[in-house]
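Here is a short briefing to read alongside the coordinates.

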Amino acid sequence: MLKTEQDALAYWDQRFKDKGDVGWGSQKNSKWYKQKKEAVATALKTGKVKRVLDICCGDCKFIAELPEFQDGSIEYVGVEPTKAIYDQITKEFPDKTFLNITPSELIKTDMNNGQFDLIICYDFLFHIVEDDLYHDFLKWMFNRDNKCVIVSYDDVEKKDQRSEQGHYIPRVFDTTALGYWWNTTSTVKSAEHKSLKLHILQSKKRPIVR
Ligand SMILES: C[S@@+](CC[C@H](N)C(=O)[O-])C[C@H]1O[C@@H](n2cnc3c(N)ncnc32)[C@H](O)[C@@H]1O
């Protein structure tokens, strides 16, 4: 049973070495992958996105598929804590910036006072093992002066449906807890898994779409 962030990273490292991918949701033939890519494309089409932070970016396939990422006009920073995945993406996308730091390290940095036009947080929330880190991470992501956050989560009704291995821990994601400053501008339901959803949230203070 995974208990700590370090346990989780050892799990993902081994899994990536064994299977060579980061899960069905990042495979090109999965509908969820296409839905996630479309949501990012929608944000990029506003023309207001110049700085992107992709948290636990995995193999970040869609950066090779979205034309907006090709001409260098958008700064893309991917955070990938699993070393085996990080080693692959740094080779595959040498013109992008990747940080091999953990989410608990990330929330202690100020990213050089970075404000991001877009934060992508796909298929990661339900893999956070520690409850405290889950809450601190959400606070960090939504309390900063960022403009738009696209986040996926598993919208379970009952709490604590931890998988047997402990690598999958869906939690109720309550957008009202995000406070006054964030608006959910759209929600996409997975075509494959009923409870899987993504939200596009915008800061009321600095939205990318008015
Ligand atoms: C299912 S993959 C999703 C990758 C990518 N965001 C996507 O949607 O295709 C989960 C990612 O989160 C990272 N990860 C999973 N659990 C983690 C944990 N508890 N702590 C830190 N990173 C974790 C893994 O390294 C992996 O990159």
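Which residues does Cys121 touch, not counting those up to four places away in sequence? Cys121 touches Ile55, Met141, Val149 and Val151. Please keep in mind that this is a predicted model.

**The nonpolar core**

- The largest nonpolar core has 47 residues, and those touching the most other members are Leu118, Ile119, Ile120, Cys121 and Ile150.
- Strand 5 (residues 148–154) gives this core its largest share, 5 residues.
- As general background, nonpolar side chains in soluble globular proteins tend to be buried together.

**Around the ligand**

- The ligand is surrounded by 24 residues, and the closest are Ala8, Cys56, Gly58, Tyr122 and His127.
- Sorted by class, this shell holds 13 nonpolar, 7 polar and 4 charged residues.
- Helix 1 contributes the most to the shell, with 4 residues.
- Tyr122, one of the closest residues to the ligand, sits in the loop between strand 4 and helix 6.
- Tyr122 is buried because 25 other C-beta atoms lie within 10 Å, and 20 or more is enough to count as buried.
- Although Tyr122 and Cys56 are 66 residues apart in sequence, their C-alpha atoms are 7.5 Å apart in space.
- Leaving out residues up to four places away in sequence, Tyr122 touches Lys36 and Ser152.

**Helix 1**

- Helix 1 has 15 residues (residues 5–19), which at 1.5 Å a residue should span 21 Å; the end C-alpha atoms are 21 Å apart, so the two values agree.
- Ala8, Trp12 and Phe16 are buried in helix 1.
- Looking down the axis of helix 1, the buried residues fall within an arc of 65 degrees, so they line one face of the helix.
- Helix 4 (83–92) is included in what covers the buried residues of helix 1.
- After helix 1 comes Gly20, with a positive phi near 75 degrees.

**Helix 6**

- The 13 residues of helix 6 (residues 131–143) should span 18 Å at 1.5 Å a residue, and this agrees with its end C-alpha atoms, which are 18 Å apart.
- Phe137, Leu138 and Met141 are the buried residues of helix 6.
- The exposed residues Asp132 and Asn143 are carried on the face of helix 6 turned away from its buried side.
- The cover over the buried residues of helix 6 includes helix 5, strand 4 and strand 5.
- Ile107, in the loop between helix 5 (103–106) and strand 4 (118–121), is in contact with Asp136, Phe137 and Trp140, leaving aside neighbours within four places in sequence.
- Ile107 itself is partly exposed, with 15 other C-beta atoms within 10 Å.
- Ile107 and Thr90 are 17 residues apart in sequence, and 22 Å separates their C-alpha atoms.

- For context, most residues other than glycine have a negative phi.
- Cys60 is not a glycine, yet its phi is positive, about 35 degrees.
- Cys60 lies in the loop between strand 1 (51–55) and helix 3 (62–65), and it counts as buried because it has 24 C-beta neighbours inside 10 Å.
- Asp123 also has a positive phi, near 50 degrees, in a residue other than glycine.
- Asp123 is in the loop between strand 4 and helix 6, and with 22 C-beta neighbours inside 10 Å it counts as buried.

- Thr42 belongs to helix 2 (residues 31–44) and is partly exposed, with 15 other C-beta atoms within 10 Å.
- Thr42 and Ile200 are 158 residues apart in sequence, while their C-alpha atoms are 9.7 Å apart in space.

Conventions:
Residues numbered from 1 in each chain as written. Predicted model: local features only at pLDDT ≥ 70, side-chain atom pairs only at ≥ 80, totals over all residues. Helix = DSSP H or I, 4+ residues; strand = E, 2+ residues; numbered from the N terminus. Expected span 1.5 Å × (residues − 1). Buried ≥ 20, exposed ≤ 12 C-beta atoms within 10 Å, placed from the backbone. Arc of directions from axis to C-beta. Contact = placed C-beta atoms within 7 Å. Core = buried A, V, L, I, M, F, W, Y, C linked by C-beta atoms within 7 Å. Near = placed C-beta within 6 Å. Nonpolar A, V, L, I, M, F, W, Y, C, P; charged D, E, K, R; others polar.
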